[in-house]
Amino acid sequence: MASTNDFPKPTYITGSCLCGALKYRIDFPKDHDFDKASGTCQCTQCRKNTSSLFYIYHKVPFTAFRWTSPTPCPTLKAYQATPGNSRGFCTSCGSMMYWRTNAGPHISVPIGTVDPLFLFGEGADGVEVPKEGFGMALMRCGGGHEWCGNEIPGVTRKEDISLFKRGEQFLEDD
Ligand SMILES: [Zn+2]
Ligand SMILES: [Zn+2]
């Protein structure tokens with residue numbers, strides 16, 4: 001079995017919302033623990049916020065994150081489902097862009113906002129970015145799985161991850 005650190009790690013990644021109005025870049029600290037920095041959440045807030053069964057995130061120090069789109073961006077808004085915790089989103093296309101505790105030192109970004117080059121190597125040259133991208137580093141989910149009490153029996157149980165084992169897989173849109 002491969003060790004938990006046996007995967008290529010990026011020094012930085014970029015991401016954006018669906019319409020492209022919001023763009024960001026993350027420069028990882030030298031001691032960044034890629035294994036522990038990602039995880040999932042199945043709380044109802046995250047489900048409704050992401051419109052998905054899982055919120056899969058990668059957490060970094062707030063100082064490692066910066067917007068590369070012009071700021072302040074008129075399409076960036078934050079919603080607080082719980083006072084003190086902000087969920088940033090694009091008012092133009094609806095993409096969720098981050099979750100953070102307002103007073104905390106970290107920011108969590110939804111893994112789906114990471115650009116395809118870094119996520120799975122779309123357009124990668126194999127040198128700066130490996131052909132398979134950095135998906136393994138970005139979503140090892142060694143940080144754990146939150147709100148498993150909300151798991152959907154037979155669908156989102158992390159023990160069997162049947163979500164990924166069942167059903168036909170389509171390479172592209174059906
Ligand atoms: Zn957008
Ligand atoms: Zn949650």
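These legends go with several close-up views of a predicted model. Local features need pLDDT of at least 70 and side-chain atom pairs count only at pLDDT 80 or more, while totals for chains, interfaces and linings use all residues; side-chain values use heavy atoms, with hydrogens and water left out. Residues are numbered from 1 along each chain as its sequence is written, and chains are lettered from A and ligands numbered from 1 in the order in which they are written.

**View 1. Four cysteines hold the zinc ion (ligand 1).** The SG atoms of C17, C19, C90 and C93 coordinate the zinc ion (ligand 1) at 2.3 to 2.4 Å (donors are N, O and S atoms within 2.8 Å of the metal, or 3.2 Å for Na, K and Ca; water is not among the atoms, so sites may look incomplete). The angles between these four donor atoms run from 105 to 115°, so the arrangement is tetrahedral (four donors count as tetrahedral if all angles lie between 85 and 135 degrees). For reference, the ideal angle for four tetrahedral donors is 109.5 degrees. Along the chain, the donor residues follow the spacing C-x1-C-x70-C-x2-C. C17 sits in the loop between β1 (12-16) and β2 (23-27) and C93 in the loop between β7 (85-90) and β8 (96-101), so this pair ties together parts 76 residues apart in sequence (strands are DSSP runs of E, at least two residues, and helices are runs of H or I, at least four, numbered from the N terminus). C17 is buried, at 4% relative accessible area, while C93 is partly exposed, at 25% (buried means under 20%, exposed over 50%, partly exposed in between, with a 1.4 Å probe and protein chains only).

**View 2. The zinc ion (ligand 2) and its protein donors.** Here the SG atoms of C41, C43 and C46 lie 2.2 to 2.3 Å from the zinc ion (ligand 2). Their spacing in sequence is C-x1-C-x2-C. C43 and C46 are both buried.

**View 3. An open sheet of three strands, ordered β1-β2-β5.** The pairing is antiparallel (two strands pair if DSSP finds at least two bridges between them). β1 and β5 (65-67) are the edge strands, each pairing on one side only, and the twist averages 20° from one strand to the next (axes are lines fitted to C-alpha atoms, and angles run from 0 to 180 degrees between N-to-C directions). Five bridges link β1 and β2, with Y12 partnered by D27. Six residues separate β1 and β2 in their hairpin, and G20 in the turn has a positive phi of about 90°.

**View 4. I26 and the largest nonpolar core.** Y24 and I26 make up the covered face of β2, with K23, R25 and D27 on the uncovered one. I26, V114 and L138 touch the most other members of this 27-residue core (a nonpolar core is a set of buried Ala, Val, Leu, Ile, Met, Phe, Trp, Tyr and Cys residues joined through side-chain atoms within 4.5 Å). Elements giving two or more residues to this core include β1, β2, α2 (116-120) and α3 (135-138). A second, separate core of six residues includes C41, C43, C46 and Y55.

Methods:
Four donors count as tetrahedral if all angles lie between 85 and 135 degrees; four count as square planar and six as octahedral if opposite donors are over 155 degrees apart and all others between 65 and 115; anything else is irregular.
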